[in-house]
Amino acid sequence: MVKFLKPNKAVIVLQGRFAGRKAVIVRSFDDGTRDRPYGHCLVAGIGKYPKKVIRKDSAKKTAKKSRVKAFIKLVNYSHIMPTRYTLDVDLKDVVTVDALQSRDKKVTAAKETKARFEERFKTGKNRWFFSKLRTAVNCKYLVL
Amino acid sequence: MVAGKKTKKTHESINNRLALVMKSGKYTLGYKTILRSLRNSKGKLIIISNNCLPLRKSEIEYYAMLAKVGVHHFNGNNVDLGTACGKYFRVSCLSIIDPGDSDIIKTLPGEQ
């Protein structure tokens, strides 16, 4: 009876081009809008995960491997799987529905999101969020 | 008695309570609608049959854990649960939104 699809909740996108990617809810529309008469949310997620950095990587290599590609999307609630994790990155000013109206705005918003994600990744926090989803073959139960 | 074994008496009482909910309360049947009820925090109790698909069962339990809603594993399969609901079809999972006159929400999660 607790509302859990709130901003800063980490979710997994289940459908579409970004299926299997982790994302964070920036803004939720529980009752929908005129254009989307269903519960949906604005998410910012990881398009390309940062690669594994090892000790013997040079600084240049580390920088290259720590790059994150971000995406911004409006997703139906039934196309995401909420998790028990949260990600406290302030994206409210950058990621807005307005940013999705035109391609330029979307690109700039995604670039800013990417910068914030990379910054968070480099601190070493929220490791779960920046790692690829563990896909277990023949797994009968949900492991999140 | 082995702990956790459902006696016939308590099983009947669950059925009675469920019948009362069907008559006087609000509920939804089926996987899609119960996830919807959990997402908009309307669901108060989830009941899952014992032959519900394991992945689906764990997914419903995960959602219920996030929503802090009790889950009751019904002692019977989806045919039995459908019969307990008074329906002529199978019911694998159901969500109670408003118990009406029944006290199922107060008595059940503790019992589990």
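This is a predicted model: local features need pLDDT of at least 70, side-chain atom pairs count only at pLDDT 80 or more; totals for chains, interfaces and linings use all residues.

Reader: What makes the contact between the side chains of R116(A) and E112(A) a salt bridge?

Author: The N to O distance is 2.9 Å. The cut-off is within 4 Å, from a side-chain nitrogen of Lys or Arg to a carboxyl oxygen of Asp or Glu, so this pair qualifies as a salt bridge.

Reader: Why is E112(A) called partly exposed?

Author: Its relative accessible area is 32%. Buried would be under 20% and exposed over 50%, so E112(A) falls in between and is partly exposed.

Reader: How do you know that K3(A) and D30(A) form a salt bridge?

Author: Their closest N and O atoms are 2.6 Å apart, and the limit is 4 Å, so the label holds. K3(A) sits in the segment before β1 (9–13) of chain A, while D30(A) is in the loop between β2 (22–29) and β3 (40–48) of chain A, so the pair ties together parts 27 residues apart in sequence. K3(A) has 29% relative accessibility and counts as partly exposed; D30(A), at 33%, is also partly exposed.

Reader: What makes D98(A) and K105(A) a salt bridge?

Author: The N to O distance there is 3.5 Å, which is within the 4 Å limit, so that one counts too. Over all chains, the structure holds seven salt bridges.

Reader: On to chain B. Why do β1 and β3 of chain B count as edge strands?

Author: The open sheet of four strands runs β1-β4-β2-β3 (chain B), with mixed pairing. β1 (26–29) and β3 (70–73) of chain B each have a single partner strand, so one side of each has no neighbour in the sheet. From one strand to the next, the twist averages 20 degrees.

Reader: How do you know that β1(B) pairs with β4 of chain B?

Author: Pairing takes at least two bridges. Four bridges join β1(B) to β4 (residues 93–98) of chain B, and the two run antiparallel, so they count as paired. As an example, K26(B) has D98(B) in β4(B) as its bridge partner. Helix α2 (residues 31–39) of chain B packs on the sheet, touching β1, β2 and β4 of chain B.

Notes:
Residues are numbered from 1 along each chain as its sequence is written. Chains are lettered from A and ligands numbered from 1 in the order in which they are written. Side-chain values use heavy atoms; hydrogens and water are left out. Axes are lines fitted to C-alpha atoms, for helices over the stretch in contact, and angles run from 0 to 180 degrees between N-to-C directions. Contact means heavy atoms within 4.5 Å. Buried means under 20% relative accessible area, exposed over 50%, partly exposed in between (1.4 Å probe, protein chains only).
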